[in-house]
Amino acid sequence: MGGSLYQRIEKECEARISAALRSLVGQSPDLVVFLSLVEKCWQDLCDQMLMIRGIALYLDRTYVKQTPNVRSLWDMGLQLFCKHLSLAPEVEHKTVTGLLRMIESERLGEAVDRTLLNHLLKMFTALGIYSESFEKPFLERTSEFYAAEGMKYMQQSDVPDYLKHVEMRLNEENERCLLYLDALTRKPLIATAERQLLERHIPAILDKGFMMLMDGHRIEDLQRMYSLFSRVNALESLRQALSSYIRRTGQSIVMDEEKDKDMVSSLLEFKASLDSILEESFSKNEAFCNTIKDSFEHLINLRQNRPAELIAKFLDEKLRAGNKGASEEELEGTLDKVLVLFRFIQGKDVFEAFYKKDLAKRLLLGKSASIDAEKSMISKLKTECGSQFTNKLEGMFKDIELSKEINESFKQSSQARTKLRSGIEMSVHVLTTGYWPTYPPMDVRLPHELNVYQDIFKEFYLSKYSGRRLMWQNSLGHCVLKADFSKGKKELAVSLFQTVVLMLFNDAQKLSFQDIKDSTGIEDKELRRTLQSLACGKVRVLQKLPKGRDVEDDDSFIFNEGFTAPLYRIKVNAIQMKETVEENTSTTERVFQDRQYQVDAAIVRIMKTRKVLSHTLLITELFEQ
């Protein structure tokens, strides 16, 4: 009797289901009430079908199993519900509209009955009409909703708030999928929200907020921007924005000639800030790291040679004695940071020339803060640029160390013990010409005592090292003079030129400018500077008649008997030529000359191997070398 029983059950079910669904037509205009009626109708069907299946279990397990194309009782019930739902389009349409309306209310911040949503969407899934009847219109509505919201929020709020809002919305949609939507809806739903809230507004977000976030060093907001942009594959736009930001900001630092003295420290701060953003906000993305490097190289070389020179000067400042308050570790750290800037420089030879000039001053005047730091810097440069780059700098250190030994052995030597007058001490730096910067030779007639000393040292040195030439660099010498004033004795630390001038006053009380010039043989400009430092500076050992700031041709000078000073040992500063413009240009010109030699050498090397070569090929190969 299986077949007949099955048909009669089917008929009975159909009548009940059809009636139940028809009764929903024209029910309550309030959508939420309507939805709960639909839910009740569905719930009843499920309960009844389970009950019927329980009673007719034997039928379900034998007849249905053995007969092809006959559905189980449960499936039959679902199919009937589906068939009659489609015959009542108003019910289905109203249900979908109600669901969409509820979800929109929830998006607008109202509380809704999520269990109801969950049950009805499960009904759609069970009937197999979820994706066609619900998901399609749902995604369309979502797209419209977020398109409008994105436009509105972009105009109203600033970028950090907008990004927070987007992040919150994406989390909400994700949660919605967990609570009542079908799992398969998650991907297209999130993609729709991302497209409308983020993708459409990427250029606007970057224009409106990126510079502000970078300038304000807003780590967290930048991190949010990075993670959101990576969701919609927009990191390339972010990277380009970063690049143009660095170039713009960097250009204002490098090209501003009035702020040259702070250029290096500003660049170091800028670089440190970028590095921390890269690490904390852009999760050390390699492409971003390379962008920072490329942009920095671009901006440091915007101005030919000047940054290289300023970096060398900055190092000189840090390595010079009197750089108070920095521990060895801090100094090391600073050197490492400066080295990073140094890497970006194309004219490294300009850097080397200025570094060498400053290093020479530090070594000869004993002004170095720490020899360890000096050596560590040179070994860093060596690692960066090879030993060719630093062999002259290393040579300078060797000279200074050798000079110490030479001075020791000179003091022990027979020449020094027999011929030297007591009461004068002298120490000599013997410098190898090739290693040190070239200094213009300056003539001066030395007092007899010093001449004797020089000759004895020369005799000792040449007996020790034959075949060498000693040239005295007068402009670099300095002395300590003992002086008697009426108010007591003093020691004066002075340059060699100052010494020569002062010692003339041992034999005369008053001398004119011309007298001094004839007796000392010092070049005019140098002499004026020397006299100015002795008679017009802070420490006035001489007096100038008539008084005045500058030294004129017809001025005369007298020894200042009544000179007083609180300290016993006084340093008379030479009038420092602020590293003159000529000195600066000559250093730069020397660099260009060296470059010329490098090019010449390369051409000779190429032609030696090739013998004959066309001009274009020669140029190409020259660039390669």
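Ground rule first: two strands pair if DSSP finds at least two bridges between them. Strands (E, at least two residues) and helices (H or I, at least four) are DSSP runs, numbered from the N terminus. I'm working on a predicted model, where local features need pLDDT of at least 70 and side-chain atom pairs count only at pLDDT 80 or more, while totals for chains, interfaces and linings use all residues. Residues are numbered from 1 along each chain as its sequence is written, and side-chain values use heavy atoms, with hydrogens and water left out.

I found strand 2 (residues 488-495) joined to strand 1 (residues 478-485) by 8 bridges, running antiparallel. The two form a hairpin with 2 residues between them. Asp484 has Lys489 in strand 2 as its bridge partner. Strand 2 also runs parallel to strand 6 (residues 569-571), joined by 3 bridges; there, Glu491 is partnered by Arg569.

Which order do its 3 strands take? I read 3-5-4, with antiparallel pairing. Strand 3 (510-512) and strand 4 (542-545) are at the edges with a single partner strand each, so one side of each has no neighbour in the sheet. On average, neighbouring strands are turned by 25° against each other, direction ignored. Strand 4 pairs with strand 5 (residues 556-559) over 4 bridges, and Gln543 stands opposite Ile558 in strand 5. Helix 25 (residues 524-535) packs on the sheet, touching strand 4 and strand 5; contact means heavy atoms within 4.5 Å.

Buried or exposed? Ser370 counts as buried because its relative accessibility is 15%, and the cut-off for buried is under 20% relative accessible area (exposed is over 50%, partly exposed in between; 1.4 Å probe, protein chains only). Its side chain reaches the backbone nitrogen of Ala373 at 2.8 Å. Leaving out residues up to four places away in sequence, Ser370 touches Leu319 and Glu328.

I checked which helices each supply at least two residues to the lining of the second largest pocket: helix 18, helix 20 (387-412) and helix 26 (581-610).

Conventions
Polar contact = N/O pair within 3.5 Å; in protein donor to acceptor, adjacent residues only side chain to side chain. Axes fitted to C-alpha atoms, helices over the stretch in contact; angles between N-to-C directions.
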